[in-house]
Amino acid sequence: MEFKGAMGGIYRLTEWITRLAATNLLWAICSSPFLFFLIMKLLVMQQNLANESLQMNWAIAIVAPLTLFPATSALFTVVRKWNMGDTDVPIFRTFFVGYKENYKQSLIGGIFYTLLFAIMYLDYTVYMTQFRNMQLVGIIMLVLLLLLFVSLFNFFSMVVHYHMSIGLIIKNAVLLTLIRPFRVFSTLLGSGLLFYIGFRYPVLFVFFIISIIAWFAFFNFYATFNKMQEQMEKMQLKKEEEEAAKAAEQADGSVETIEAIEQAEPKSSDEKHDNLHK
């Protein structure tokens with residue numbers, strides 16, 4: 001039964017609330033080990049416990065590739081369906097099919113990104129605290145960290161959207177982040193705003209924030225993908241037209257040559273005989 005008017009709007013709104021909440025909860029459950037250590041990290045930081053904070057860093061680095069990255073890939077599998085128009089996709093089944101199919105690539109990509117984040121964050125901390133005269137380097141590292149964070153969205157989008165090796169996925173995720181700065185800043189600003197709302201109302205992290213960020217990130221990625229595909233198709237069409245025009249010119253030249261030969265009047269046998277005597 002399809003509702004119209006105000007009732008139809010309310011019905012569609014409740015549908016989307018249910019979809020976002022269900023997907024967000026599945027992500028939170030599958031990421032629970034990472035979230036547990038992250039919360040513990042925040043608690044020990046408030047109490048200025050340096051040793052315990054370092055231990056939480058190690059725990060987060062270990063469990064992130066094993067739990068957070070596969071769960072986020074599964075989340076992106078669902079929001080990909082929504083962005084491509086399949087809004088009635090079964091959420092539970094789609095989530096865990098995506099979790100299973102993309103687990104290996106998510107794990108490998110998670111290890112790479114975790115190591116890179118750890119190294120760059122360590123460099124940023126050292127330059128900002130230990131070398132006061134080199135804080136500009138620390139600021140550059142912070143910018144690179146932000147770009148790396150945004151490239152994560154492209155990474156997850158490409159994992160669920162393409163069939164390619166993990167090396168190519170990581171390479172193209174970083175390149176796409178660098179060559180599309182507008183999408184980078186819009187994704188970063190949108191995610192930052194949602195995180196700000198989430199920190200003010202932490203319960204929203206459990207039900208909505210992460211799934212909305214994933215939906216917005218894939219929306220940006222998919223728009224970029226479509227635009228690049230259109231540009232490639234135009235370039236291919238232009239190339240084919242140029243090749244066709246070149247082939248037509250060559251064909252016209254050949255026809256003119258044949259016509260010139262055909263129009264030339266052959267000499268008579270007497271003229272040939274005279275020429276031989278000459």
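Me: In what order do the elements of the protein chain run from the N terminus on?
Reply: In this predicted model, the elements of the protein chain follow one another from the N terminus as α-α-α-α-α-α-α-α-α-α-α.

Me: How many helices and how many strands is that?
Reply: The protein chain has 11 helices and 0 strands.

Me: And what share of the residues is buried?
Reply: Of the 278 residues in the protein chain, 33% are buried. The chain exposes about 18,200 Å², and 67% of that area is supplied by carbon and sulfur atoms.

Me: What about contacts, how many join residues at least 24 apart?
Reply: Taking the contacts between residues at least 6 apart in sequence, 73% join residues that are at least 24 apart.

Me: Changing topic: how much space lies in the largest pocket?
Reply: The largest pocket holds about 2,300 Å³ of space. Its lining consists of 47 residues, and those nearest the centre of the pocket are Phe34, Leu38, Ile60, Leu68 and Phe149.

Me: Which helix gives the largest share of that lining?
Reply: Helix α3 does, with 11 residues. Several helices supply at least two residues each to the lining, including α1 (5-30), α2 (32-46), α3 (50-83) and α10 (209-263).

Me: How many cavities of 30 Å³ or more does a search of the whole structure find?
Reply: The search finds 1 cavity of that kind. The volume of the largest cavity is about 90 Å³.

Me: Which residues lie nearest the centre of the largest cavity?
Reply: They are Asn154, Arg183, Val184, Thr187 and Asn220, from a lining of 13 residues. Helices α6, α7 (166-179), α8 and α10 each give two or more residues to this lining. The largest share, 4 residues, comes from α10.

Me: Now salt bridges. How many are there in the whole structure?
Reply: A search of the whole structure finds 2 salt bridges. Glu15, Arg19 and Asp88 are linked in a network of salt bridges.

Me: How far apart are the closest N and O atoms of glutamate 15 and arginine 19?
Reply: For the salt bridge between glutamate 15 and arginine 19, the closest N and O atoms are 3.6 Å apart. Both residues lie in helix α1, 4 residues apart, which is about one turn of the helix.

Me: And where does aspartate 88 sit relative to arginine 19?
Reply: Aspartate 88 forms a salt bridge with arginine 19, with 2.9 Å between the closest N and O atoms. This pair links distant parts of the chain, since aspartate 88 is in the loop between α3 and α4 (91-101), while arginine 19 is in helix α1, 69 residues away.

Me: Why does arginine 19 count as buried?
Reply: Arginine 19 counts as buried because its relative accessibility is 10%, and the cut-off for buried is under 20%.

Me: What about its two partners, buried or exposed?
Reply: Glutamate 15 is partly exposed, with a relative accessible area of 25%. Aspartate 88 is exposed, with a relative accessible area of 60%.

Me: Last topic: which residues make the nonpolar surface patch?
Reply: Leu25, Tyr201, Val203, Val206 and Phe207 make a nonpolar surface patch of about 420 Å². Helix α9 (residues 203-207) contributes the largest share of the patch, 3 residues.

Me: Where is valine 206 found, and what is its relative accessible area?
Reply: Valine 206 is found in helix α9. Its relative accessible area is 36%, so valine 206 is partly exposed.

Methods: Residues are numbered from 1 along each chain as its sequence is written. This is a predicted model: local features need pLDDT of at least 70, side-chain atom pairs count only at pLDDT 80 or more; totals for chains, interfaces and linings use all residues. Side-chain values use heavy atoms; hydrogens and water are left out. Patches are made of residues with over 30% relative accessible area and no salt bridge: like charges are joined within 9 Å, nonpolar side chains (Val, Leu, Ile, Met, Phe, Trp, Tyr) within 5 Å. Accessible areas come from the Shrake-Rupley method with a 1.4 Å probe; for residues, only the protein chains shown count as cover. A salt bridge is a side-chain nitrogen of Lys or Arg within 4 Å of a carboxyl oxygen of Asp or Glu. Buried means under 20% relative accessible area, exposed over 50%, partly exposed in between (1.4 Å probe, protein chains only). Contact means heavy atoms within 4.5 Å. On a 1 Å grid over the protein atoms alone, a cavity is a set of points where a 1.4 Å probe fits but cannot get out, and a pocket is an open set with protein on both sides within 12 Å along at least five of seven lines; lining residues have an atom within 4 Å of a point. Grid points are joined across faces, edges and corners, and a volume is the space filled by probe spheres set on the points.
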